[in-house]
Amino acid sequence: MSSTKPRKSVHLAAHFPGVNNTTVWSDPASKSQIDFESFVHLARTAERGLFDFFFLAEGLRLREHLGRIHDLDVVGRPDTFTVLNALAGVTEKLGLAGTINSTYNEPFELAKQFASLDHLSGGRAAWNVVTSSDAFTGENFRRGGYLEHSDRYRRAAETVEVARALWDSWPADTLVVDRDAGVFAKDIPETRHRGRQFDIAARFVLPPSPQGHPVLLQAGDSDDGREFGAATADAIFTGHGTLEAGRTFYADMKGRLAKYGRGHDELKILPAATFVLGDTAAEAEERARHIRYQQVGPQTAIAFLEQVWGRDLSGYDPDGPLPDVDPSGDVNITRGRVRHAKDPRAVAEAWRAKAEAENLSIRELIIEVTARQQFVGTPAEVAERIDEYVQTDAADGFILVPHLTPGGLDEFVDRVVPELQERGSFRTEYAGDTLRDHLGLRHPHHRTSVHEGARAS
Amino acid sequence: MPDSDFFLAVELAGTGAHPASWRRRDSRAEDLFTARYWVDAITAVEKAGADAVFLPDSFGLQPGGAATAQGRLDAVAIAARAAAATHRIGLLPQAPVTHTEPFHLSKAIASLDFATLGRAGWEVTVSEGAEQAKAFGRKSPQEPAALWHEADEAVEVVTRLWDSWEDDAEIRDLPTGRFIDREKLHYIDYAGDYFSVKGPSITPRSPQGQPIVAVRADEGPSIQVAVRRADLIRIAPPDLDAAHARRAALRSALLSADRDPDAVRVLIDIDVHLAGTAERAYEELAELDRWSASGTAPRSGAPAATGSVLRHIGTGDSLTELLAAVSDSGAADGVVLRPLAVEATLRHLATAPPAPATTLRERLDLPRPPSRYATIQEGTPS
Ligand SMILES: Cc1cc2nc3c(=O)[nH]c(=O)nc-3n(C[C@H](O)[C@H](O)[C@H](O)COP(=O)(O)O)c2cc1C
């Protein structure tokens, strides 16, 4: 680490464990993923740990596997806005980030919902704009259709453009509340937008919210997605979690900013990250191994294999060798999930070779090839690793994905956060009240951020 | 307050139902877009012993221009924000269905039911007129018959989605590795004139099973939707005789629709303004009327043709007497008080001993319905 470079602050966010096999439901400590209490616990823990924000992912259709609802992972989640607004009542500083699709929502409604969340939380709202959709998800919505990939990002960009225009539409001195003169508000101008996706003319129903614009996150990894993120987002949620891939992605995203007239610090890169702690490195490894076996039970191992093989493999022994039949080429065996393999035959070949070389059973192989644990070690080791990622520009921080609901973050907050603080890489108190303050982002209507401006500490 | 099976609700329309209410010194109009304002108001209503609070909403600005309080927070958001601060009161945000997706609404209200441990409801509304249609730019303004036909379908979709998970669908069965029993999750396969929705919901069945559905039914096609769908029917009659007649008509319509009239509550709107003395209350009302050009509050959601509505101007005590009289008269199963000036009236509402914390359904003495899909046998969907 170069001594001329100022130490970067690590940004941390808490992902509520969701509907995938990372989330271990079979552990006795695993509680409801739907009762409000669970959300309160994780959010308060994150706030106790001085995290930037709490994060909810989204999925608008239940996953299917082999033509039936997938029943092995956690299923069931609540409405994002309802949970975040309710959490605003039991937290004070924590940012509240919701993943909301731009394909099955209308911009006026989203603008109103996010502005409401920002008002009701005192400036803590964030919107993770995703486009992911296909005809499968569309079957739950009246729009009901499939948007081509490029149209999805066109719609996303226009959705954000309209929302921002609406958020900005009340001029600064509109709200008067002059009782004697009998003027509540001056004329609220109509916002007009005519684009390929929307033809809208409306007066917005809310004054500018505390953050001006809720913080915008983006998750989506195609070239279109990256351009949209570089042009629009305040932070990127990414899956590029290894040191190498992280640095490449980081450089790529920051490199795209200049053409949109944006500075290096105006976009934060926040990969998803899992963690396992132990008192010793060996103990952490042992716990990690145990968790991997919980995450990939025998049935889950077969289901993973079926995703690549494209056929029913329920007759195979998860503790036995890989099937000798060839993949069918059908990659739509699992629907409602980000696709596992683009070229199933090549993946099957590679998996077979690996299993033979290392003498792995089906379950052992799946445990190896789907491993996503980045940070395994003692609290000091994990803090060291996280800090290394951030100081060497593989990330600006992480969105942590605990494997347990709702207590999965407790240990991290109790043991890793103090280590990070000791290193001078993490705040010891919140410097401001809004999520923009936490992320060091400037208010959209002002030129200075809290870190550069008068409020810097 | 009247006896316990008489339902008492309060509707919180910004600073008040009177368009000039924000001009009162005590209106807290500056706070209208803060959580504090709404949480204070809703907890005050809860302390008064009311059974529920209604929260109006729309995608349009309030009519009346600069002299009216303009702007509104999302009502479902307000209800959610107040969830943890309240413990007994039912929360009934309005949500229009004309431009929104029933799938989103279904999970929003079900999630409110989870966050409140069973105190959620939904007042179904429609978005009338060109202004709101242009805010979405998706379709032309519709006639009331079409709007309410669409609303009827939307309620069907929402309530099917609420049932799409059976209560015991989550099994966490270790030996088979199954988190859910997928036989207890159901595609709703709805196909109508306005919507086709596959289901099931992404949200499990909520504490009440079916959160409470309210519909305003003064005239026109909304009445049929109320009769087919509502647990609570709101009407705004000019007097108690008219209330009597409408309730009787609604009850026979419910019978004709094969519904139990005793399982539906008819609530009448009463505009109220309270002060320390009746004289003072009248003076304050006169001041509100002087401030506002028209002197009569435009009533959101109610047909303009209704003309006069029930009003009570007086003290907390005289309101208590009025409510007892309404209860005894049998003209209604409950009331929705609409404070003309929220802060003033809340200050003068009597406080009541805390009611037991129950679900909104239990307060209404309505049974928790089983999922419509749960009783299906031999694979014959209804
Ligand atoms: C880290 C990450 C997290 C994502 N989370 C969600 C999510 O919660 N819900 C969702 O619908 N899509 C999610 N997506 C999908 C993206 O929103 C995007 O629409 C999808 O990847 C297709 O766009 P792309 O081709 O640009 O990647 C996520 C993507 C990434 C990379």
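**Exercise 1. How many bridges join strand β3 (residues 64-65) of chain A to β15(A), and do the two strands run parallel or antiparallel?**

Some ground rules before the solution. This is a predicted model, where local features need pLDDT of at least 70, side-chain atom pairs count only at pLDDT 80 or more, and totals for chains, interfaces and linings use all residues. Residues are numbered from 1 along each chain as its sequence is written, chains are lettered from A and ligands numbered from 1 in the order in which they are written, and side-chain values use heavy atoms, with hydrogens and water left out.

Solution. 
- Step 1: Strands (E, at least two residues) and helices (H or I, at least four) are DSSP runs, numbered from the N terminus. Two strands pair if DSSP finds at least two bridges between them.
- Step 2: look at β3 and β15 of chain A. Two bridges link them, and they run antiparallel.
- Step 3: pick out a facing pair. A:His65 sits opposite A:Thr334 in β15(A).
- Step 4: zoom out to the open sheet. Its three strands come in the order β4-β3-β15 (chain A), with antiparallel pairing. The edges are β4 (68-69) and β15 (334-335) of chain A, each of which pairs on one side only.

**Exercise 2. Work out the strand order of the barrel in chain A, then take a closer look at β13.**

Solution. 
- Step 1: a quick reminder. Strands of a sheet pair through backbone hydrogen bonds, either parallel or antiparallel.
- Step 2: trace the barrel. Eight strands of chain A close up in the order β1-β2-β5-β6-β11-β12-β13-β17, and the pairing is parallel. From one strand to the next, the twist averages 30°, with axes taken as lines fitted to C-alpha atoms and angles running from 0 to 180 degrees between N-to-C directions.
- Step 3: check one pairing. β12(A) is joined by four bridges to β13 (residues 268-273) of chain A, and the two run parallel. Across this pairing, A:Ala235 stands opposite A:Lys268, and A:Phe237 stands opposite A:Leu270.
- Step 4: ask how covered β13(A) is. Six of its six residues are buried, where buried means under 20% relative accessible area, exposed over 50%, and partly exposed in between (1.4 Å probe, protein chains only).
- Step 5: sort the side chains. A:Lys268, A:Leu270 and A:Ala272 point one way, while A:Ile269, A:Pro271 and A:Ala273 point the other way.
- Step 6: A:Gly98 belongs to β5 (residues 95-101) of chain A, and A:Gly98 counts as buried because its relative accessible area is 0%.

**Exercise 3. Describe the shell around the ligand.**

Solution. 
- Step 1: count the neighbours. The ligand is surrounded by 17 residues, each with a heavy atom within 4 Å of it. The closest are A:Ser132, A:His149, A:Tyr153, A:Asp221 and A:Ser222.
- Step 2: list some distances from polar side-chain atoms to an oxygen atom of the ligand. A:Ser222 comes in at 2.5 Å, A:His149 at 2.7 Å and A:Thr131 at 3.0 Å.
- Step 3: On its own the ligand has 610 Å² of accessible area, and the protein covers 78% of that.
- Step 4: find the elements involved. α5 (149-167) and β12 (235-238) of chain A give two or more residues each, and the largest share, three residues, comes from α5(A).

Conventions: Polar contact = N/O pair within 3.5 Å; in protein donor to acceptor, adjacent residues only side chain to side chain. Areas by Shrake-Rupley, 256 points an atom, 1.4 Å probe, with all protein chains shown as cover.
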